[in-house]
Amino acid sequence: MSLAVLKFSSEDCGICHKMSFYDEKVAKELSLAFVNIKMQDTATYRKYRQVLLSQYPDKADMGWPTYLVCDDPEGEFKVVGEVKGGHPKGEFRRRLQSVLAKVE
């Protein structure tokens with residue numbers, strides 16, 4: 001299994017910006033790949049759009065940011081869990097670990 005964290009965020013979101021100081025670092029410490037997908041970055045967003053729409057077909061109930069933990073995000077992807085919204089570093093780590101515990 002090749003798990004990655006896909007972060008869907010907006011450049012206009014203050015919480016998304018605050019999380020960017022540690023979310024990638026925490027993901028990598030947990031041996032997860034990390035992809036930052038800003039909605040304004042059209043090329044990157046299009047590449048991972050199918051993954052997002054599989055969870056949020058109309059994007060209505062998304063949190064900002066939304067982190068999807070995904071197996072094989074660039075192929076036959078499978079979303080195995082998610083973390084929505086902003087959290088302090090320790091809480092973000094616990095939520096990601098909770099997702100990983102359900103996968104193993």
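Ser9 is found in strand β1; helices (H or I, at least four residues) and strands (E, at least two) are DSSP runs, numbered from the N terminus. The model is predicted, so local features need pLDDT of at least 70 and side-chain atom pairs count only at pLDDT 80 or more, while totals for chains, interfaces and linings use all residues. Residues are numbered from 1 along each chain as its sequence is written, and side-chain values use heavy atoms, with hydrogens and water left out.

Ser9 counts as buried because its relative accessibility is 2%; buried means under 20% relative accessible area, exposed over 50%, and partly exposed in between (1.4 Å probe, protein chains only). Leaving aside neighbours within four places in sequence, the contacts of Ser9 include Cys16, Asn36, Ile37, Trp64 and Pro65, where contact means heavy atoms within 4.5 Å.

The strand that holds Ser9 belongs to an open sheet of 4 strands in the order β2-β1-β3-β4, with mixed pairing. From one strand to the next the twist averages 20°; axes are lines fitted to C-alpha atoms, for helices over the stretch in contact, and angles run from 0 to 180 degrees between N-to-C directions. Two strands pair if DSSP finds at least two bridges between them. Strands of a sheet pair through backbone hydrogen bonds, either parallel or antiparallel.

Strand β1 (residues 3–9) pairs with strand β3 (residues 66–71) in the antiparallel sense over 6 bridges, and Phe8 stands opposite Thr66 in β3. The pairing of β3 and β4 is antiparallel over 6 bridges, with Cys70 opposite Val79 in β4. The hairpin of β3 and β4 has 6 residues between the strands, and there Asp72 takes a positive phi near 55°.

Next come the helices. Helix α4 (residues 89–103) lies across β1, β3 and β4, running at about 155° to β4. The 15 residues of α4 should span 21 Å at 1.5 Å a residue, and the end C-alpha atoms are 22 Å apart, which agrees; the expected span is 1.5 Å times one less than the number of residues. The buried residues of α4 are Phe92, Leu96, Val99 and Leu100. They cover an arc of only 100° around the axis, so they sit on the same side of α4; the arc is that of the directions from the helix axis to the C-beta atoms. Arg94, Ala101 and Lys102 are exposed on the other side of α4. The cover over the buried residues of α4 includes β1, α1 (14–19), α2, β3 and β4.

How many aromatic pairs does a search of the whole structure find? There is 1. The ring centres of Tyr67 and Phe92 are 4.7 Å apart and the planes are at 55°, so the pair is tilted. Rings of Phe, Tyr and Trp (its six-membered ring) pair if their centres lie within 6.5 Å; planes under 30 degrees apart count as stacked, over 60 as edge-to-face and the rest as tilted. Because Tyr67 lies in strand β3 and Phe92 in helix α4, the pair ties together parts that are 25 residues apart in sequence. Both Tyr67 and Phe92 are buried.

Leu30, in the loop between α2 (23–29) and β2, is also in contact with Arg93, Leu96, Gln97 and Leu100, leaving aside its neighbours within four places in sequence. Leu30 is buried because its relative accessible area is 19%.
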